[in-house]
Each structure stands twice: as structure tokens, then as C-alpha cells.
Amino acid sequence: MKIKVINGPNLNLLGIREVAIYGKQDYAALKRQIAEYAKTHGVEIEIFQSNSEGAIVDAIQSCLGNFDAIIINPAAYTHTSIAILDALKAVALPAVEVHLSDVDSREDFRKISYAGMACCQRFAGMGFDGYLRAIDFLIAGSAR
Ligand code: DQA
């Protein structure tokens, strides 16, 4: 199984940005934990991060024919981007939405998730573990 992990804007600043919400570990640590977990579970993983909406749309499109599933944390674009929703619908791959924080218990504007409308599962408020649970979920789905 090949999974593309796509991370949106400002996640590259983990460890610096709003540590009370997102924690002290940096983006390199997140990548390391995802890669190690994937390796021990026999999954091929590629991790991508961009601050640009268009680059994220391009990354989703490039999954077509190259990946079996997508794990996506669109960050702030979650709540604004119909382009990302449309790209996820277009490729129609199993997609799991991840958020480090519990978006539903924050500001009202974080309660809407466009990307989530094209995802089959969401893990939010679990920190880095959300990405690992998303891998578990996709592995369980592929075994069915
Ligand atoms: C986030 C939540 C979003 O609302 C926010 O804009 C982010 C990160 C999270 O992982 O908790 O940048 O997606």
C-alpha cells in the first residue's frame, strides 16, 4: 500500500507556532514518526507539505495512478478551500482528514471542513498520533 501524506500551510512551523495548541515537537519530528510507523507496518509513505493551495491541489492530482490513499491535513485551507475538496473528489482515492488540534472545540470558523466532505474518516485532537491512526485505518480498510 502506498500512501501520500499532504500537509498544509504553517505545519512546517510546528514546534514554533502556538505551542500550547500544536505542541513543542517540530515538523521534522512529525515526518520521522510517520515514516517510522509506516515502515514497521509495511506501508510505503511519501510526505508533502506546502503553504500554497495550488501546490496542494497539484499534489492531490499527482496521486492519481501513483498512490492508493491520501492522508491530508489541509490546515487553514480545511475551512476555506473548495479547490482542495474538488481535487479530492476528482481523484476519488480513499482520503483521511487529520488535525493535530480538536478543531470542533475551537473557533466557529474551524467547524466547517470542506476537505472533510471528500474524506472517509477524520482524526482530530490527537496530536501526531492522528496520522498514525489514519495509517491504521487505511491498512484496516485495504484488508477488507
Ligand atoms: C489544523 C487546524 C486548523 O484549523 C489550523 O488552521 C491549522 C492546523 C490542525 O492540525 O489542528 O493550521 O489543521
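Mentor: Gladly! Helices (H or I, at least four residues) and strands (E, at least two) are DSSP runs, numbered from the N terminus. This is a predicted model, where local features need pLDDT of at least 70 and side-chain atom pairs count only at pLDDT 80 or more, while totals for chains, interfaces and linings use all residues. Residues are numbered from 1 along each chain as its sequence is written, and side-chain values use heavy atoms, with hydrogens and water left out.

Trainee: Does Ser81 count as buried or exposed?

Mentor: Buried means under 20% relative accessible area, exposed over 50%, and partly exposed in between (1.4 Å probe, protein chains only). Ser81 has 0% relative accessibility, so Ser81 is buried.

Trainee: Which end of H4 does Ser81 cap?

Mentor: Ser81 caps the N-terminal end, with a side-chain oxygen 3.4 Å from the backbone nitrogen of Ala83. A polar atom of the Ser81 side chain also lies 2.9 Å from the backbone nitrogen of Ile84. After H4 comes Ala92, with a positive phi near 55°.

Trainee: How do I read the sides of a helix?

Mentor: An α-helix has 3.6 residues a turn, so residues three or four places apart point the same way. In H4, the buried residues are Ile84, Leu85, Ala87, Leu88 and Val91. They cover an arc of only 160° around the axis (taken from the directions from the helix axis to the C-beta atoms), which puts them on the same side of H4. Lys89 and Ala90, on the other side of H4, are exposed.

Trainee: What do the buried residues of H4 pack against?

Mentor: They pack against H3, strand E3 (69-73) and strand E4 (95-99). Contact here means heavy atoms within 4.5 Å.

Trainee: And how is a pair of helices described?

Mentor: Two packed helices are described by the angle between their axes and the distance between the axes. Here the axes of H3 (residues 53-61) and H4 (residues 82-91) come within 9 Å and cross at roughly 5°. Angles under 35 degrees count as roughly parallel, over 145 as roughly antiparallel, 65 to 115 as roughly perpendicular and the rest as oblique. H3 and H4 are therefore roughly parallel to each other.

Trainee: Which residues of H3 meet H4?

Mentor: Glu53, Ile56, Val57, Ile60 and Gln61 in H3 meet Ala83, Ile84, Ala87, Leu88 and Val91 in H4.

Terms used. Axes fitted to C-alpha atoms, helices over the stretch in contact; angles between N-to-C directions. Polar contact = N/O pair within 3.5 Å; in protein donor to acceptor, adjacent residues only side chain to side chain.
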